[in-house]
Amino acid sequence: MLHELLLALLGYTGDLIVDDRERGPSPAAPSPSDAPIFEDCTFRLAPDISFLDPSERDLIERLITLGFYYRELDRFATVSRNLSWIRSANAAAAASPLERCSDPEKRNHEHPSVYRRAIANGIVEILSVYRSAVLQIEQKLLSDSLPILATVTQGLNKFFVLWPPLYELIVKIEREDIRGGQLLNLLHKRCHCGVPELQTCIQRLLWHGHQVMYNQLASWMVYGILQDQHEEFFIRRQEERDVESAASQTDISKRLAHLSTDDTSLTDWHQGFHIYLDMLPQYIHMHVAESVLFAGKAIRVLRNPNTASRFHGPAASSQPRFPVKIHGFTERYLFSKEMLVESDVIREELLPQSEADRIESMLRDLKESSEFHKRLFECAVDSIRAIAASHLWQLVVVRADLNGHLKALKDYFLLAKGDFFQCFLEESRQLMRLPPRQSTAEADLTVPFQLAALKTTCDEDKYFSKVSLRMPTLGINVKPSLVDMSKVRPNAGGSSGVSPSSVSAGLDGWDGISLDYTVDWPLQLFFTQDVLSKYLKVFQYLLRLKRAQMELDKSWASVMHQDHKEYSKHTKKELKTKRQYLKPAWRVREHMAFLIRNLQFYIQVDVIESQWNVLQAHIQDCHDFTALVNHHQEYLSALISQSFLDIGSVSRILDSIMKLCLQFCWTVENQGGSHTSELEQITEEFNKKSNSLYTILRSTRLAGSQRAPFLRRFLLRLNFNSFFEATARGVLNVVRPRPTLPVLNQPH
């Protein structure tokens, strides 16, 4: 009886101790791997045993539950450690698609998991301790002259505390198909219990699970390789359909950057990997996971530098070809041995082997620790991220001359080269009088763009070759430009055939002008599509502003030139009468120019220059790529917010003011101010818009906040004689009749 009890404790039933599953209707007993999951013990004493007392029966019934739990734990370990799926995977890879689809039930039944296998190894360790305890009991029973059940109970007493929770654990794992980071999370929760023996066992299982995680972390953060065949790691490669969806939404931005889709490192950096929250253990914070993601992507970039651009030219064609095996495919590539040697040298320079060894050493220390220390883990990840960010900073800032490209973007996108854009607008002024033609607008603008470069210092700028002019093409509605008033004949009523509203609607035909900046590797890691779109947004705003300022100046010069030409044709009285008649219009022009000039000065000096100095200070002090990206994002956000481009009401008013300025210039220049009704409409609308702008900007929400620290200076320059304040108060509080042509008393 005792021998059969000992065998039952190791999961083997017989005549006296039976398994309810073997007594079922099915004649064939299921194998351990196919056995169903039972939450209750199925080991029982045979009902026909009569020589046991009730107390002995109860004690044996209690003991044999340990045998049931042992067999189930052993079954779980055997199934989880089974490596037959490797052969199945190889066979499936070699099979035809029809054969792979012919047995979906078998394919869905197999769910290999390296984390479960690691936990199974821990369970095997615990089971070996149990078997040793049973062996010691057997030896003690054989040595005793009078063996008793109390000896068995005493030797296995601690397993009554361990086996039920462990069995409940594997039942939950199998029923819910828990794997990967979810399995680590489950074990971490079960570690918090009041039973020291059970806590030690769960911690040992968790240690085995962490060994897999540390191996994956080492592969990812040391070599930049994602080892996750069964999708159990919290870093996951982006699915192709998600990448295609994201790509379709950013086609326009991609044209801005000319990003190379063939560059694997660039694709991986922007949309190759992401954090899979379902597999992220709860005891690992999101910011730590983001550091792991960044470090791995940075290591991939540093270990796989794009050196293809270094090997163009006739010398490459004379180099011998030899096969290179990549991802299991052997192809012939035009790479010479010298090219690969140089590539290895560059890779070594970007990430020295000593730094890789240092990262591996930190992860090895974590792996060898008997317990998971959250603080030590986070410190190690932060240190690794700092190493990767520092070397990535060295690559982008020092090797790729980031500051030079930032200066180029400031020169061309933020109009720091004012002489170039002044010359460009003057050269293209006659062209912009006509509506842009969708088919040739870009080519038409290229000529004045290149002429402006030749007449200024831009032709000698090495970064100018990366700048090109763009105009909206097919598929984008382009509004007609300004109507040439000289070609519009008055109708019978004496007014022009084009109403002010129609002219206003056609003022922004050339507002689609944009710049394209060619970004090479590795600067594409820094100048993303979103970054270039922000630069473009500010550029289009500043170009419209500069065009309005130039037209205001040109209109004054044009009319004065015409006035001097007519000096000899009219008497002094006639000239005086005409000048007196035009004086209100020129007061309006001066009012417009005053507002535009101050707005330009505010944006260029108070906003762009001040934020540029802040960015330069950060570049000098910062040696971390991530921090540098954040500082640059703050720089762009400050440019947009302090220029009011993110406030819809203000940006719409500014657009309207610039359109009114252009409309005024063309009306005066082409009609000579002979028709006052249109000038009255423009003047009244401008007064409303400018007063509304001042009222919004001086509000507590803007002027009293830190959103625009130099806004008060701008308002002070605008309202230096309280003219704007008085006019705005009058507009808000007094309903006035429509004036004929208001006389503005602003001193000049």
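**Figure 1. Salt bridge between Asp655 and Arg544.** In this predicted model, Asp655 pairs with Arg544 in a salt bridge whose closest N and O atoms are 3.0 Å apart. Asp655 belongs to helix α26 and Arg544 to helix α23, so the pair ties together parts that are 111 residues apart in sequence. Asp655 counts as partly exposed, at 26% relative accessibility. The structure holds 22 salt bridges.

Figure 2. Lys534 lies in helix α23, which spans residues 529–565. A salt bridge joins Lys534 to Asp530, with 3.6 Å between the closest N and O atoms. Both residues lie in helix α23, four residues apart, about one turn of the helix. Lys534 is counted as buried because its relative accessible area is 19%, under the limit of 20%. Asp530, at 41% relative accessibility, counts as partly exposed. Apart from its neighbours within four places in sequence, Lys534 is in contact with Gln633, Leu636, Ser637 and Ile640.

Figure 3. The closest N and O atoms of the salt bridge between Arg589 and Glu590 are 3.2 Å apart. Arg589 is buried, with a relative accessible area of 7%. In a further view, Glu72, Arg75 and Glu174 are joined into one network by salt bridges that share partners.

**Figure 4. Stacked rings of Tyr602 and Phe644.** The structure holds 30 aromatic pairs. In the pair shown, the ring centres of Tyr602 and Phe644 are 5.9 Å apart and the planes meet at 10°, so the pair is stacked. The pair links distant parts of the chain, 42 residues apart: Tyr602 is in helix α24 (residues 572–621), whereas Phe644 is in the loop between α25 (625–642) and α26 (648–671). Both Tyr602 and Phe644 are buried.

**Figure 5. An aromatic cluster.** One aromatic cluster is formed by Tyr412, Phe413, Phe420, Phe421, Phe424, Phe449, Phe464, Tyr535 and Phe539.

**Figure 6. Arginine side chains over aromatic rings.** The charged end of Arg204 sits over the ring of Trp207, at 4.3 Å from the ring centre. Arg236 lies over the face of Tyr276, 3.6 Å from the centre of the ring.

**Figure 7. A nonpolar patch on the surface.** Val447, Leu451 and Leu454 form this patch and together have about 270 Å² of accessible area. Leu454 is found in helix α21, residues 441–455. With a relative accessible area of 57%, Leu454 is exposed.

Technical notes: Residues numbered from 1 in each chain as written. Predicted model: local features only at pLDDT ≥ 70, side-chain atom pairs only at ≥ 80, totals over all residues. Heavy atoms only, no water. Patch = residues over 30% accessible without salt bridge, like charges linked within 9 Å, V, L, I, M, F, W, Y side chains within 5 Å. Areas by Shrake-Rupley, 256 points an atom, 1.4 Å probe, with all protein chains shown as cover. Salt bridge = Lys/Arg side-chain N within 4 Å of Asp/Glu carboxyl O. Helix = DSSP H or I, 4+ residues; strand = E, 2+ residues; numbered from the N terminus. Buried < 20%, exposed > 50% of the residue type's maximum accessible area, 1.4 Å probe, protein only. Contact = heavy atoms within 4.5 Å. Phe/Tyr/Trp six-rings, centres within 6.5 Å; stacked < 30°, edge-to-face > 60°. Lys NZ or Arg CZ within 6 Å of the ring centre and 35° of its normal.
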